[in-house]
Amino acid sequence: MDIDALIDAVIDREGGYSAHPADRGGRTRWGVTDAVARAHGYDGDMRAFPRDAAVAIYRRIYWLRPGYDRVATLMPAIAAELFDTGVNMGPAVATGFLQRALNALNRGSADYPDMALDGRIGPATLAAIAAFRARRGAAGEAVLLRAIEALQGERYLALAEARPANEAFLYGWLANRVG
């Protein structure tokens, strides 16, 4: 798993500076919102927010802190998806998608016990991933990935339905974030 390549892909997709009037995140650069940059010590103009600062935030806040590096040792494609989804929706939401999917795929707790939907990668989530992998093999990772992406796509649709201004972003979300 090459987190540097994942970060580069996110930055390439997010682009440079943006201040879309419908974006509740406000001003962003490299996909990092003004609020996140400020919370991590940046106090300059967002148009000048350095790329290396964005890289450090992505690595620390969206890869290491949520524990996706630990997921990568078990299921690299799942870790990559969690990272990307976490950048766009928050790590707790991304991890919640994983937990929901794992609970639904455990065959009524026959393969491993249900876990709390707490949005955190902890021992129960890691054990469920390992048990799922042992039961379903490499093909299972592809199915789990589809389940996570289905949940992500549904959330994007719900966001657009709940707030019509989000329709400005729906096509791009579905084209660039799901699948």
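W30 is found in the loop between β2 (28-29) and β3 (32-33). The model described here is predicted. W30 is buried, with a relative accessible area of 17%, because buried means under 20% relative accessible area. The phi of W30 is positive, about 60 degrees, although W30 is not a glycine. Most residues other than glycine have a negative phi.

Phi of R107 is near 55 degrees, a positive value in a residue other than glycine. R107 lies in the loop between α6 and α7.

G15 sits in the loop between α1 (3-14) and β1 (17-18). Its relative accessible area is 21%, so G15 is partly exposed; the limit for buried is under 20%. Which residues does G15 touch, not counting residues up to four places away in sequence? They are R29, W30 and G31.

G15 can also be compared with T28. The two are 13 residues apart in sequence, and their C-alpha atoms are 9.3 Å apart in space.

## Helix α1 against helix α5

The axes of α1 and α5 cross at roughly 35 degrees and come within 11 Å of each other. The crossing of α1 past α5 is right-handed. From α1, the residues that make the contact are I3, L6, I7, V10, R13 and E14, and from α5 they are A80, F83, D84, V87 and N88. By class, seven of the residues in this contact are nonpolar, one is polar and three are charged.

## Helix α5 against helix α6

Helix α5 (residues 76-89) also packs with helix α6 (residues 91-104): their axes come within 7 Å and cross at roughly 140 degrees. Because of that angle, α5 is oblique to α6. An angle has to be over 145 degrees to count as roughly antiparallel. The crossing of α5 and α6 is right-handed.

On the α5 side, the residues that meet α6 are I78, L82, T85, G86 and M89. On the α6 side they are P91, V93, A94, T95, F97 and L98. How many nonpolar, polar and charged residues does the contact of α5 with α6 have? It has eight nonpolar, three polar and no charged residues.

## Helix α7 against helix α8

α7 and α8 pack with their axes 9 Å apart, at an angle of about 170 degrees. That angle is why α7 is roughly antiparallel to α8. The crossing of α7 past α8 is left-handed. G153, Y156, L157, L159 and A160 of α7 make the contact with E167, L170, W173 and L174 of α8. These residues divide into seven nonpolar, one polar and one charged.

## The two sides of helix α8

Which residues are buried in helix α8 (residues 167-176)? F169, L170 and W173 are buried there. They cover an arc of only 120 degrees around the axis, so they lie on the same side of α8. A168 and Y171, on the other side of α8, are exposed.

The buried residues of α8 have a cover that includes α5 and α7 (123-162).

E141 is found in helix α7. Is E141 buried or exposed? It is buried, because its relative accessible area is 10%. Apart from neighbours within four places in sequence, E141 is in contact with M75, P76, A77, I78, F132 and R133. Among these, I78 is also one of the α5 residues that meet α6.

N103 has its place in helix α6. At 15% relative accessibility, N103 counts as buried. Leaving aside neighbours within four places in sequence, N103 is in contact with P113, D114, M115 and L117.

Definitions and conventions:
Residues numbered from 1 in each chain as written. Predicted model: local features only at pLDDT ≥ 70, side-chain atom pairs only at ≥ 80, totals over all residues. Heavy atoms only, no water. Axes fitted to C-alpha atoms, helices over the stretch in contact; angles between N-to-C directions. Helix = DSSP H or I, 4+ residues; strand = E, 2+ residues; numbered from the N terminus. Parallel < 35°, antiparallel > 145°, perpendicular 65-115°, else oblique. Left-handed = near helix turned anticlockwise from the far one by under 90°. Contact = heavy atoms within 4.5 Å. Nonpolar A, V, L, I, M, F, W, Y, C, P; charged D, E, K, R; others polar. Buried < 20%, exposed > 50% of the residue type's maximum accessible area, 1.4 Å probe, protein only. Arc of directions from axis to C-beta.
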